[in-house]
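Please have the sequence and the structure open while reading.

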Amino acid sequence: SMGTKYNRDNLPLDTNPDHVKVYITQPRNYWTAFLQRLVNKNYNFLLVQSAGNGGIDAKWNGIFSSIDDQELRKRIIIVGAIKRSGIWDMIRNWATNPYTFVDKWEGFDYGSNYGNKVDVVAPGFDIYSTVKNNGYATMSGTSMAAPHVTGVAAMVWAVKPGLTPEQVKNIVVGTADRPVTYKSRPYNILNAKKAVERARSEQAT
């Protein structure tokens, strides 16, 4: 999995053609051509990328988020972040879903990137993780969410190594459930148990 960084103060406007070229067209052209060469050489790969943390459409996050080629998109999973709801929301919603889309990071007025490029969401708030110098710390961000998806994809491939990258993505994304809604769009939450169970019954092609 991978995360990307950018300067939120200099994000593009959809109406500015120069920004579209810099933030979408150039990365899309480069990465599309690069990945297509790997496909042509019969490499099997599935790419998991964080959606980004700027509270904007994930298409602006660059790298693989910018790719529109439908065949390559079958090998790419873009991951948004969820968190546990506030205490009152948790009490009210516990029977259905104790999670919510990260609309604000702590100390900021924006949260996880969103939009049609986001394939699945996973926990990305206050995640206990390794840090440099052999340490551990609690961190937040879509870069904390993406490794959950990478791990589940690895488990799916482990139980059925003959699956294609497209099949693995379809299993990981297709078994996600318990949707959370943000800006009128539902996002399904990663479900490791269902993904592995689906993989066991899937016919490799």
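Which side chain of opposite charge is nearest to Arg-75, and how many Å away is it? The model is a predicted one, in which local features need pLDDT of at least 70 and side-chain atom pairs count only at pLDDT 80 or more, while totals for chains, interfaces and linings use all residues. Residues are numbered from 1 along each chain as its sequence is written, and side-chain values use heavy atoms, with hydrogens and water left out.

Arg-75 is buried yet has no salt bridge, and the nearest side chain of opposite charge is that of Glu-71, 6.8 Å away. Here buried means under 20% relative accessible area, exposed over 50%, and partly exposed in between, with a 1.4 Å probe and protein chains only. A salt bridge is a side-chain nitrogen of Lys or Arg within 4 Å of a carboxyl oxygen of Asp or Glu; Lys and Arg count as positive and Asp and Glu as negative, whereas His and the chain ends are not counted.

Arg-75 lies in the loop between α2 and β2, where helices (H or I, at least four residues) and strands (E, at least two) are DSSP runs numbered from the N terminus. Leaving aside neighbours within four places in sequence, the residues in contact with Arg-75 include Tyr-43, Phe-45, Leu-47 and Pro-165, contact meaning heavy atoms within 4.5 Å.

Two of these contacts lead into other elements. Leu-47 belongs to strand β1 (residues 47-50), both faces of which are covered, and stands opposite Ile-76 in β2. β1 and β2 pair in the parallel sense over four bridges, pairing requiring that DSSP finds at least two bridges between two strands. Pro-165 is among the buried residues of helix α5 (residues 165-174), and these pack against α2, β2, α4 and α6.

| Salt bridge | Closest N and O atoms |
|---|---|
| Glu-71 and Lys-74 | 2.9 Å |
| Asp-119 and Arg-73 | 3.2 Å |
| Lys-193 and Glu-197 | 2.6 Å |

Lys-193 and Glu-197, by contrast, both lie in helix α6, four residues apart, about one turn of the helix. Lys-193 counts as exposed at 57% relative accessibility, and Glu-197 is partly exposed at 41%. Glu-71 and Lys-74 are linked with Glu-166 in a network of salt bridges.
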